Amino acid sequence: MIDMVERFEAEGAFSDDEAVRALKMHLTAVKRFEQDDSADKVAKHIEGFKLLLNQQLENEAISEDAYDALMAKTKSMMGQWG
């Protein structure tokens, strides 16, 4: 998903660097917990990522296309780890 964020960043889907940084930080934590096979922590951080995406959409910090794609992937991961 970090690759998706970077692709959307290159396309100008975010209003500022702070929005991108927040998403990448969350996803870095998720990746670390995935590698440790810590399902509870992955699920918790994916839920936090979902909330962050919603907040960014409300604040117009992310395009709707980027939001939709990232949210679809987030829901898929929630099904896998939740």
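Start with H1 and H2: Ile2, Val5, Glu6 and Glu9 in H1 meet Asp17, Val20, Leu23, Lys24, Leu27 and Thr28 in H2, where a contact is heavy atoms within 4.5 Å. Helices here are DSSP runs of H or I with at least four residues, numbered from the N terminus. By class, this contact has five nonpolar, one polar and four charged residues.

A word on the model: it's predicted, so local features need pLDDT of at least 70 and side-chain atom pairs count only at pLDDT 80 or more, while totals for chains, interfaces and linings use all residues. Residues are numbered from 1 along each chain as its sequence is written, and side-chain values use heavy atoms, leaving out hydrogens and water.

Now the geometry. The axes of H1 (residues 2–10) and H2 come within 10 Å and cross at roughly 170 degrees. That makes H1 roughly antiparallel to H2 (an angle over 145 degrees).

Next along is H3. H2 (residues 17–35) and H3 (residues 39–58) pack at about 165 degrees, with axes 9 Å apart, so they too are roughly antiparallel to each other. The contact residues of H2 with H3 divide into twelve nonpolar, four polar and two charged.

Finally, the largest nonpolar core has 25 residues, and Val5, Phe14, Leu23, Leu53, Ile62 and Leu70 touch the most other members. Such a core joins buried (under 20% relative accessible area, 1.4 Å probe, protein chains only) Ala, Val, Leu, Ile, Met, Phe, Trp, Tyr and Cys residues through side-chain atoms within 4.5 Å. H2 gives this core its largest share, seven residues. Leaving aside residues up to four places away in sequence, Phe14 touches Val5, Leu23, Ile62 and Leu70, among others.

Key. Axes are lines fitted to C-alpha atoms, for helices over the stretch in contact, and angles run from 0 to 180 degrees between N-to-C directions. Helices (H or I, at least four residues) and strands (E, at least two) are DSSP runs, numbered from the N terminus. Angles under 35 degrees count as roughly parallel, over 145 as roughly antiparallel, 65 to 115 as roughly perpendicular and the rest as oblique. Ala, Val, Leu, Ile, Met, Phe, Trp, Tyr, Cys and Pro count as nonpolar, Asp, Glu, Lys and Arg as charged, and the others, Gly among them, as polar. Buried means under 20% relative accessible area, exposed over 50%, partly exposed in between (1.4 Å probe, protein chains only).
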